[in-house]
Amino acid sequence: MKVFFHFSLNEFSNTYLVGPEDGGDAILIDPGHIDLELIERIENNRFTIAHVLLTHRHPSHTAGLGTLVKIYDPIVYAGSPSMYESPVKEVRDRAILDLSGITVEAIQVPGHTIDSFVYKIGNALFTGDVLYAGRVGATTGVLEKALLLKGIKNRLLTLDERFLIFPGHGTISALKIEKMFNRELIDAMAIDDLAQLSHPSIMT
Amino acid sequence: MFKCVPCAVEGCRRYALEDMYTCLQHAENSDEVLQSLIASLSDSHRHRDVVMTDVRLKDIDFSNVHLTTCDFARCVFENVDFSQSKIQACFFDFCLFENCNFDGSDARHSVVAGSKIMGSSFTDTLLIHTNFMGIDARDCDFSSSDLYYSNFCSSHLVNVQFVDCNLKNADFRYTDRQNVSFKYSNFEEASFS
């Protein structure tokens, strides 16, 4: 499996191209912006974009969808199909998708948006705006932040720490690196541990 | 991307080498395998998806190597020359670099997080989108480098030079810095808090 990183200057967002070694049907994750460089990368690797995975609905991750649909007519997967103008297949939490021989597991981690998904492919986690290198996703309120942190703790930090992280913005990382050096995550987990300790049901 | 096939030896948490069942440490004739890997990496061809973790490399010339999506996690590099190399989306996490030279290289989208880097030079280097989170760097020189969108979060930097660097969108939050120079660099465009 090949994974290519594409950086869009429009919204400083990352798009990922995942496909087989010898070309063929490929997956594009978060087409925030489609430019000539990305098209050349797709074509030079003899890929056809058969599937698009959207981590959430924000324009920095979806704005290139219209162009992409015109060129390749892929099947698009996302959490909230009604949010999009073009046809989108709904992804549900814990769904296992077989996309042209590539197995994708969908993990819903709401908080940044209610439709935020992380996609697990092989040893890689495509985290969108759920978890970045050194940061957690932005939220609009305290409850959303709590929901996001709970999701990260229960659904991502329980995975093998050798998983690689491909976020929607910023540098690539690994789960072990985030556990050790992501201060926002460390602080949140420490507060959560303290809350657990002070809870009467734990003490009795 | 490199494949993460577990080493066939029970209890070993390392990944197997490409086209092999075990990691380098559990391979028969591991010294020969290592020398053959080093020789193959040293040529000017493009190497992709190489897994070579937990290895000690000393006095090696990797100048002008071309590596893409490789895994060199937890390696020790002592006096290794990576100058003018092209290293894209490679993992060097939790490594030790001592007296290494990356001058003039293109190491974009790579991960060096958690590494200890001593007396190494990264001048005139393209380090855009590179993850340096949690590094412990001493006596290092990043001068004249492009560090656009690079991440130094939670790192410990002592006697490190960032003279005349592009620091746009670089992340230096939670860093511990002693005698660090950002002279002639656009540090206003980096994030420090």
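User: Which residues lie nearest the centre of the largest pocket, and how many residues line the largest pocket?

Analyst: First, a caution: this is a predicted model. The lining of the largest pocket has 26 residues. Nearest its centre lie Phe5(A), Arg41(A), Gln88(B), Arg108(B) and His109(B). The space in this pocket is about 540 Å³.

User: Which helices and strands each supply at least two residues of that lining?

Analyst: Chain A supplies strand 1 (2-8) and helix 1 (36-44). Chain B supplies strand 1 (46-48), strand 3 (66-68) and strand 5 (86-88). Strand 1 of chain A gives the most, with five residues.

User: Which residues are closest to the centre of the second largest pocket?

Analyst: The second largest pocket holds about 320 Å³ of space. Its lining has 18 residues, and Arg162(A), Tyr15(B), Ala73(B), Arg74(B) and Asp93(B) are the closest to its centre. By class, that lining has eight nonpolar, one polar and nine charged residues.

User: Why is the pair Glu184(A) and Arg173(B) called a salt bridge?

Analyst: Set the distance against the cut-off. The closest N and O atoms of Glu184(A) and Arg173(B) are 3.5 Å apart. The limit is 4 Å, between a side-chain nitrogen of Lys or Arg and a carboxyl oxygen of Asp or Glu.

User: How many residues does each chain bring to the contact?

Analyst: Chain B brings 33 residues and chain A brings 30. The area buried between them is about 2,700 Å², with 61% from carbon and sulfur atoms. Seven residue pairs between the chains are in polar contact. On the chain B side, the residues that touch chain A are 14 nonpolar, 12 polar and seven charged.

User: What makes a space a cavity and not a pocket?

Analyst: The way out decides. In a cavity a 1.4 Å probe fits but cannot get out, whereas a pocket is open. The whole structure has one cavity of 30 Å³ or more. The largest cavity has a volume of about 80 Å³, so it passes that 30 Å³ cut-off.

User: Which residues line the largest cavity?

Analyst: Among them are Ile87(B), Phe92(B), Ser110(B), Thr130(B) and Phe132(B). By class, the lining has nine nonpolar, two polar and no charged residues.

Notes:
Residues are numbered from 1 along each chain as its sequence is written. Chains are lettered from A and ligands numbered from 1 in the order in which they are written. This is a predicted model: local features need pLDDT of at least 70, side-chain atom pairs count only at pLDDT 80 or more; totals for chains, interfaces and linings use all residues. Side-chain values use heavy atoms; hydrogens and water are left out. On a 1 Å grid over the protein atoms alone, a cavity is a set of points where a 1.4 Å probe fits but cannot get out, and a pocket is an open set with protein on both sides within 12 Å along at least five of seven lines; lining residues have an atom within 4 Å of a point. Grid points are joined across faces, edges and corners, and a volume is the space filled by probe spheres set on the points. Helices (H or I, at least four residues) and strands (E, at least two) are DSSP runs, numbered from the N terminus. Ala, Val, Leu, Ile, Met, Phe, Trp, Tyr, Cys and Pro count as nonpolar, Asp, Glu, Lys and Arg as charged, and the others, Gly among them, as polar. Contact means heavy atoms within 4.5 Å. Buried area is the accessible area (1.4 Å probe) that two parts lose on being put together, summed over both. A polar contact is a pair of N or O atoms within 3.5 Å; within protein, one must be able to donate a hydrogen and the other to accept it, and residues adjacent in sequence count only if both atoms are side-chain atoms.
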